[in-house]
Amino acid sequence: MMAGLALVAMAIAAAIPAAAQDTSRTGVHIGLNYQPGTKPGVIVLPIVGVGGDTAHAMIQRDLDYADAMNVISDIGPGLDGVTVNYALVQKLGAAAVVQALLTPSSLHVIVHDVGKRRVLMTRDYSLPATVGAADWRMVIHDAADWIQQAITGSRGVAATRIAFIRDGQIYITDTDGADTRPVTQKGGGPLSPQWHPTGRFLTYSFFAPRGTQIAVVDLTSGGARALTATPTGLNSTPTFSPDGNSIVYTHGEENGTDLYLVPAFGSDPARRITVGHGTDNTQPTFSPDGRRLAFTSGRSGHPEVYITNVDGTEPDLLTPFQFGDDIYRASPNWSPDGRLVAFESRVNGRFQIETIALRDRSVKQLTSDGINEDPKWAPDSRHLVFTSNRTGVRQLFILDSESGRTRQLTFGGPARLSAWSRSLGSP
Amino acid sequence: MSRRSRVAPLLILAGAAVAACAKTPPAPAPAPAQAAPSVDSSRMRDSLANAKRMADSASAERDRLASAMAAARSALVAKIFFDYDKSDITDQGKAILDAKVPILNANPGIRIRVEGNCDRRGSDEYNLALGQRRGAAAKRYLTDHGIDAARIDIISYGAERPVAEGDAEDAYSQNRRDEFVIVAGGDNLKVAAQ
């Protein structure tokens, strides 16, 4: 078997003009030529090696889900994984061709620039031993994200995970819906999971006998510890700061709720951020530079989205003021590139996902089917995961904010209160 | 539906009846004292009837007491309801809370937990804060009426624990509520003196 693979590897190597054997490095990128405003056509050739079919299906699906490329999957029998017939793939509409070779311990990926009829970039990945296992799959997703960056200039988000609440437990799932499993025991009613930037921890709230508490779970060990010292009171909606060192959360006892900041892993006491004078101030979301928070406040008499500095100064209404009843904006989430805050807004009695631009306060409505809530950005600041009841039961959906394309992520038991991790691959 | 509490007068009555009654179980019917041939059978019938009356009366008092204690417990755990998106105590809510005060005063060992809840509309996370406000409103009413704040815990369940499912106002209005749970001192409830 190994001799056979070696032969194939040699054949691939022989097919590549030596001068064009580029290996990508961070910060160095040679773009593909394709019509601006269109999506480049991409063909993923059959992948040789054990697990090749699985890897091929995953990469093809990840590139399709990126919404930035036109994946040409119906390529007929004339193409194999070994040689690239540039003329043929160009006729099929491809601007890029992806070729990959699997060995039991590695993945070798080559991206071809069809227009220039040469290799654009190559990359090697070490592969864990078990085909189809969670860590094996994450490497394949990582490769897909790199392929997307090679072709479009923007890194994909396939190598991420989404946490959510189902059936009284925190679940995590891959972006293609695979490997969906609980990460907490039953009981305690966890809510509002949020990722640590490293992807190693989740913070969340849970119901304790005399109040609601904040906890942090270490996903590598499964061990969880309660963060909040007070046995009573409401402690909810925790979120890690972008540097991972702090948690901002909602705290309230008998006089409204305010935002507080506490070290995520230290023992310093919590410091109060908002001064709500008995109103509700909740659902904090950090700006990517960690210096500001958007949050939901009822201080005007109904929930709206506000922004404040992390030290509590300069609180300011973000969502545009409108006269009349039935105004309710909540669940803000700041995009990783800092440009937009997504939120849910009651429109004709039903909640829809909207975005507001920080620069000019322009608002865009992104959904209209059913009740849509709790948007969370992907690391690409383009895709969003959110909860929708459009199928009759609450499930998570993923939306491309540029094209509007929506796909269902979860199936089965009702799912809600999601959070999208940062990239879990290697850059 | 607003009605004055009838519990207090009932408890006064029950208390008086209990106080008037002997605490020990009634004595069994006395056996004839001597074997003399001239036993007065009508006197025996009278004393048997008397004993039965006392037994019935004591049993009735026990039932009344049990019923009064059940009414007191029921008043302690009676829920109050809220208008949509509001945490103000309604007039009905005030009457229900008023009925809890004398029972809490008569039983200083009781601790309660107020559980604030919401209907399912709106943000689940914002509803946790709204539920907390609803619990705090009931607690504030009780402490304003003299109950020690240390005896009352608040927890919000937001929209997480509906008692009625579905998307109709009937279900929503049942879910917008505070529940009251006795967490300590709930055995041997003393019925209120006033």
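Tutor: Let's start with a term: pLDDT is the predictor's confidence in each residue, from 0 to 100. This is a predicted model, in which local features need pLDDT of at least 70, side-chain atom pairs count only at pLDDT 80 or more, and totals for chains, interfaces and linings use all residues. Residues are numbered from 1 along each chain as its sequence is written, while chains are lettered from A and ligands numbered from 1 in the order in which they are written.

Student: What pLDDT does chain B average?

Tutor: Over residues 1-23 of chain B the pLDDT is below 50. Of the chain B residues, 78% score at least 70. The average for chain B is 85.

Student: Which strand gives the most to the side of chain A that touches chain B?

Tutor: Contact here requires C-beta atoms, placed from the backbone, within 7 Å; 27 residues of chain A meet 17 residues of chain B that way. Strands are DSSP runs of E, at least two residues, numbered from the N terminus. Several strands of chain A each supply at least two residues, including S9 (191-195) and S11 (211-218). With 3 residues, the one giving the most is S13(A).

Definitions and conventions:
Two residues are in contact if their C-beta atoms, placed from the backbone, lie within 7 Å. Helices (H or I, at least four residues) and strands (E, at least two) are DSSP runs, numbered from the N terminus.
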